[in-house]
Amino acid sequence: MYRIDYVDIVGGALLILFGAAVTYTSVTYYPMGTPSRMGPGMFPAGLGVVLAVLGILLAAQALRRPGPRPDVRIFSPLFILGGIAAFAAIIVPFGLIPAIVAILVISSLADLKIRPVSLVISCIGLSLFAPFIFVFLLGLQIPLLRWPF
Amino acid sequence: MEFLGNLALGLGVAFTLQNLFYCFLGALLGTLVGVIPGLGVLAAISMLFPLTFHLEPTTALIMLAGIWYGTTYGGSTASILLNLPGTPANAVTCLDGFPMAKQGRGGVALFMTTVASFFGASFGIVLLTLFTPIIADYALRFGSAEYFALMLMGLVASSTISEGSAIKGLASVTIGIVIGLVGMDTQTATVRFAFGNLGLLEGVSLIALAMGVFGVAEIIMSVRRVNAADIDPDSVKLKAIVPTRDDVRRSWFPMLRGASMGSFFGTLPGTGPSIAAFLSYAVEKRVSKTPERFGNGAIEGIMGPESANNAADQTAFIPTLSLGVPGSATMALMLGVLMIHGVAPGPNLISTEPELFWGLIMSFWVGNIILLLLNIPLIGLWVRMLTIPYHLLYPAVLMFICIGAYTSGFSPLNIWMVAGFGALGYAMRIFRFPGAPLLLGFVLGPLMEEHFRRAMVLARGDFAVFFERPISAVIMGITGLVLIWGVWSSENMRGKRRARALAREADRRAPGHSEEEVQEGTN
């Protein structure tokens with residue numbers, strides 16, 4: 001437990017920053033128009049103000065009460081998001097199967113345990129199963145293997 | 001007679017071979033998802049969403065709706081046999097369902113909850129069939145001011161009524177609206193918040209957002225926390241599924257009360273299957289002459305809630321289909337499917353797309369009958385599914401998410417967006433912001449802006465228009481009350497303690513479902 005709710009204070013601060021950025025971008029780059037003929041900037045500018053006000057309210061309340069310690073993990077999200085990023089980077093130049101293997105291997109590491117046998121089995125199984133569903137059954141045009149060089 | 005003609009039209013659509021197949025597939029997948037804890041209905045629908053691109057909009061909706069109501073059936077199976085609710089809406093079913101299973105009456109409990117589910121769903125479908133056209137007809141008179149007010153009410157109610165901080169719910173909704181505004185403004189063709197990225201001209205992909213915030217973030221939260229159920233599949237033996245005469249006698253009124261309450265709470269924004277089930281349990285316990293039986297395998301304690309949550313599942317479609325204003329994130333996804341297929345939601349939907357509307361409703365019957373027939377014989381299979389370890393399951397789920405995102409436009413940008421929204425979803429969970437309002441705001445945001453601007457043009461820039469037109473004024477008044485009540489009750493200490501206790505209870509019962517998932521279930 002923290003003496004004051006730091007999680008909500010940071011959350012509120014982020015809301016204020018985000019709201020300010022939204023309003024700043026809208027006012028600076030998009031025409032505001034008039035209330036009877038609103039430009040594209042008016043509505044988002046208002047939303048930014050709403051966000052900032054909510055952020056202030058949230059942070060103000062958090063100052064007056066104790067808060068729990070957040071359970072933040074670093075490696076699980078890193079490996080999972082990294083696996084998705086690897087899939088995104090590989091699918092176009094190298095094709096579907098390398099992308100599948102990459103996401104399965106990298107995201108499995110999020111469990112912080114390496115199980116080589118079951119990993120190999122699931123890689124082989126899903127490399128056959130996914131193309132069967134998406135390419136064979138649904139007829140989507142995704143190259144399975146490619147060599148860009 | 002027109003009504004019968006419509007029903008016949010709907011039956012014709014629902015009984016085509018293709019629609020029957022996808023209805024079956026949806027119900028089956030829904031049950032599967034419902035049984036497995038740690039895989040929510042929103043994640044499942046957004047994952048399977050890309051598969052429906054290649055289908056007719058009616059077929060797509062039939063399948064996705066099947067997943068939605070199928071999870072509630074499946075969830076009760078896990079609640080009764082394992083004391084693990086597959087979905088938050090089934091959490092109360094554990095209280096009396098699991099004791100029944102321990103007394104060797106698991107088969108009876110499963111059979112009876114299936115009956116209750118079917119009864120509740122049928123009740124909801126009848127109301128849906130009767131009321132949706134009437135409401136839509138009435139709504140044809142609505143102007144932009146009314147629509148803006150309705151959407152505002154939906155957003156405010158769904159973000160403040162659910163347990164947790166009302167301020168955070170409102171902030172989630174607003175962030176969702178901002179994300180919804182990314183891309184080309186439909187009225188002036190100005191590109192907003194795209195930062196020079198051509199792929200964002202058409203806006204952020206609904207699928208990427210839903211899969212990131214719900215699918216990926218949920219997996220990040222569940223890894224190393226969810227363990228496969230430690231059960232021997234052969235231990236679940238169903239000695240008897242035939243209820244005693246006493247069981248049947250005790251079940252009638254709870255089912256009826258549950259269905260009525262569920263139907264009511266299903267239509268309102270912000271409430272939904274979970275709240276309906278919780279309230280139904282509370283009511284049954286209160287009206288019972290023998291409240292001490294509750295918690296020890298009272299059949300009323302499973303019949304009421306299971307009838308309520310299924311009725312709510314069905315009536316949630318009433319505002320979505322009649323007004324085009326969804327009350328929950330799942331319904332917002334359904335609406336998103338329609339819009340992606342180029343069908344404009346709103347009160348005209350029933351008259352312009354009668355095949356879609358009546359076909360969908362008739363498919364609900366088909367789907368519920370399929371579920372009634374599926375549930376009991378396949379229990380052994382469902383229990384076996386529970387023993388799949390999570391460390392094998394989640395990489396495969398991630399792979400399907402990525403392939404789905406990629407095929408929804410054949411651009412890696414969508415996959416990058418999934419990663420980005422996964423990070424956002426994880427951050428929101430750390431800061432304890434609910435995710436469901438974000439999705440609702442995202443879908444409704446652009447529509448709201450459009451109606452707001454149009455109403456203001458018609459009123460020559462006078463903000464009072466929202467309070468001068470009678471219907472709009474009433475809706476705005478309700479919105480104001482909901483807002484005050486929501487903020488007051490969530491900031492009030494007593495309410496807060498109750499909310500924490502509820503969340504803890506639900507968390508204990510549903511490992512892998514975070515507090516937010518519990519809220520989502522209530523939507």
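Trainee: Is Phe149(A) buried or exposed?
Mentor: Phe149(A) is exposed, and its relative accessible area is 73%. Here buried means under 20% relative accessible area, exposed over 50%, and partly exposed in between, with a 1.4 Å probe and protein chains only. Please note that this is a predicted model, in which local features need pLDDT of at least 70 and side-chain atom pairs count only at pLDDT 80 or more, while totals for chains, interfaces and linings use all residues. Residues are numbered from 1 along each chain as its sequence is written, chains are lettered from A and ligands numbered from 1 in the order in which they are written, and side-chain values use heavy atoms, with hydrogens and water left out.

Trainee: Where is the place of Phe149(A) in chain A?
Mentor: Phe149(A) lies in the segment after helix H5 (116-137) of chain A. Helices (H or I, at least four residues) and strands (E, at least two) are DSSP runs, numbered from the N terminus.

Trainee: What separates the C-alpha atoms of Phe149(A) and Pro93(A)?
Mentor: The distance between these C-alpha atoms is 9.3 Å, while Phe149(A) and Pro93(A) are 56 residues apart along the chain. Tyr6(A) and Ala62(A) are also 56 residues apart along the chain, and their C-alpha atoms are separated by 7.2 Å. Tyr6(A) belongs to helix H1 (residues 6-29) of chain A and counts as partly exposed, at 41% relative accessibility.

Trainee: How many helices and strands are in chain A?
Mentor: Chain A has five helices and two strands, and along the sequence they follow the pattern α-β-β-α-α-α-α. The radius of gyration of chain A is 24 Å, well over the 15 Å that the globule rule gives for 149 residues, so chain A is more spread out than a compact globule. That radius is taken over C-alpha atoms, and the globule rule is 2.2 Å times the number of residues to the power 0.38. Along its principal axes, the C-alpha trace of chain A spans about 55 × 50 × 30 Å.

Trainee: What about the charges: how many positive and negative side chains are in chain A?
Mentor: Chain A has 9 positive and 4 negative side chains, and the centres of the two sets lie 6 Å apart. Lys and Arg count as positive and Asp and Glu as negative, whereas His and the chain ends are not counted. The place of a charge is taken as NZ of Lys, CZ of Arg, CG of Asp or CD of Glu.

Trainee: Which residue in chain A has a positive phi without being glycine?
Mentor: One of them is Leu112(A), with phi near 60 degrees. Leu112(A) sits in the loop between helix H4 (96-108) and H5 of chain A and is partly exposed, with a relative accessible area of 45%.

Trainee: And in chain B, what is the phi of Arg460(B)?
Mentor: Arg460(B) has a positive phi of about 55 degrees, although it is not a glycine. Arg460(B) is in the loop between helix H19 (436-458) and helix H20 (465-468) of chain B, and it is exposed, with a relative accessible area of 73%.

Trainee: How many helices does chain B have, then?
Mentor: Chain B has 23 helices and two strands. Buried residues make up 63% of the 523 residues in chain B, and 43% of the 149 residues in chain A.

Trainee: Which residues in H3(B) are buried?
Mentor: Helix H3 (residues 41-48) of chain B is mostly covered, as eight of its eight residues are buried. Among them are Val41(B), Ile45(B) and Met47(B).

Trainee: How many of the residues of H17(B) are buried?
Mentor: In H17(B), 15 of the 18 residues are buried, so this helix is largely enclosed by the rest of the structure. Helix H17 (residues 390-407) of chain B reaches 26 Å from its first C-alpha to its last, close to the 26 Å expected at 1.5 Å a residue. The expected span is 1.5 Å times one less than the number of residues in the helix. Gly409(B), whose phi is positive, near 145 degrees, follows H17(B).
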